[in-house]
Amino acid sequence: MTTVTPTPVTPHVLDNPAWASLSGAHAAFAERAGGRAAPYAARYAPDVAPFSAIADPADPRSWEALRSLTGPGGVVSLAGVLTPPDGWESAGSIEGVQLVDTSLRAEPAPGAVRLGPADVPEMLDLIALTRPGPFLPRTVELGTYLGIRRGGRLVAMAGERLRPPGWTEISAVCTHPDHRGGGLATLLVRAVAAGIRERGDVPFLHTAASNTRAVRLYESIGFTVRRRPSFMALRAPGANEGGRS
């Protein structure tokens, strides 16, 4: 009888997009325990994005490096299908949906303007009002952000966040409540996607699984659900746990 050895399955880069981003296109924004070359855990600078990442959820060295990075008892935000080791405590989680571009019509948006650091106060106000997800004072540095203004007021925006090799995440998609129903979000998603495709990347995005309206919208314009990760807040083991004093 012939024994067949299973072929190892190589993880898809979108299974761990924050790690792939921090190890590549966003390395300049990365903080690592042990310096920039440390191979097991990293996080974005705290004014850029709230995400941490580990190289391999099955490797205890990754979790130990993350604990060193955050400090005993510190809270980290991770995404993926994860089973934390003993000692790590849940501080909350949100079930998410990851969608990828399969048939999106990408095109420039007439009237859309490029947003930059000078626009951050308005962007933060719109984020606070609409709550599409994390956006911090330096998030705008991660990629191209586009906005729509009405009467000089920023009423809609969308932009780029994670950048794993070959892919770019569309994020911070939001519209002021007074201007919803006019297709501004779709307009901006198509425009951001056009820029992503121009450099040879494929657009993808995340949203909360509970936001069924957004999921339906993204599917209707050409995105397909790829997986359902969890967005997890985890508290690292305390100073007296894990055999440490």
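Colleague: Start with the aromatics. How many aromatic pairs does the structure hold?
Modeller: This is a predicted model, and it holds four aromatic pairs. One of them is Phe 135 with Tyr 145: the ring centres are 5.6 Å apart and the planes are at 75°, so the pair counts as edge-to-face.

Colleague: Where do Phe 135 and Tyr 145 sit in the chain?
Modeller: Phe 135 is in the loop between helix H3 (120–130) and strand S7 (145–150), while Tyr 145 is in strand S7. They are 10 residues apart, and the pair links distant parts of the chain.

Colleague: Is Phe 135 buried or exposed? And what about Tyr 145, buried or exposed?
Modeller: Phe 135 has 6% relative accessibility, so it counts as buried, the cut-off being under 20%. Tyr 145 has 0% relative accessibility, so it counts as buried too.

Colleague: What kind of pair do Tyr 218 and Phe 223 form?
Modeller: An edge-to-face one, with 5.9 Å from centre to centre and 70° between the planes. Tyr 218 and Phe 223 are both buried.

Colleague: Switching to strands. What is the order in the open sheet of three strands?
Modeller: The order is S1-S2-S3, and the pairing is antiparallel. Strand S1 (30–31) and strand S3 (52–54) are the edge strands, each pairing on one side only.

Colleague: Which helix packs on that sheet?
Modeller: Helix H2 (residues 60–70), which touches S1, S2 and S3. The direction of H2 makes about 40° with that of S2.

Colleague: How many bridges join S2 to S3?
Modeller: Three bridges join strand S2 (residues 41–44) to S3.

Colleague: Now S9. How many of its residues are buried?
Modeller: Nine of the nine residues of strand S9 (residues 167–175) are buried, so S9 is largely enclosed by the rest of the structure.

Colleague: In which sense does S9 pair with S8?
Modeller: Antiparallel, over four bridges, with strand S8 covering residues 153–160. Glu 160 stands opposite Ile 170 in S9. The hairpin of S8 and S9 has six residues between the strands, and Gly 166 there takes a positive phi near 85°.

Colleague: And in which sense does S9 pair with S10?
Modeller: S9 and strand S10 (residues 202–208) pair in the parallel sense, over four bridges. Thr 168 has Pro 203 in S10 as its bridge partner. From S9 the chain crosses through helix H4 (residues 184–198) to S10, a right-handed β-α-β crossover.

Technical notes: Residues are numbered from 1 along each chain as its sequence is written. This is a predicted model: local features need pLDDT of at least 70, side-chain atom pairs count only at pLDDT 80 or more; totals for chains, interfaces and linings use all residues. Side-chain values use heavy atoms; hydrogens and water are left out. Two strands pair if DSSP finds at least two bridges between them. Helices (H or I, at least four residues) and strands (E, at least two) are DSSP runs, numbered from the N terminus. Contact means heavy atoms within 4.5 Å. Axes are lines fitted to C-alpha atoms, for helices over the stretch in contact, and angles run from 0 to 180 degrees between N-to-C directions. Buried means under 20% relative accessible area, exposed over 50%, partly exposed in between (1.4 Å probe, protein chains only). A crossover is right-handed if, with the strands pointing away from the viewer, the path from the first strand over the helix to the second runs clockwise. Rings of Phe, Tyr and Trp (its six-membered ring) pair if their centres lie within 6.5 Å; planes under 30 degrees apart count as stacked, over 60 as edge-to-face and the rest as tilted.
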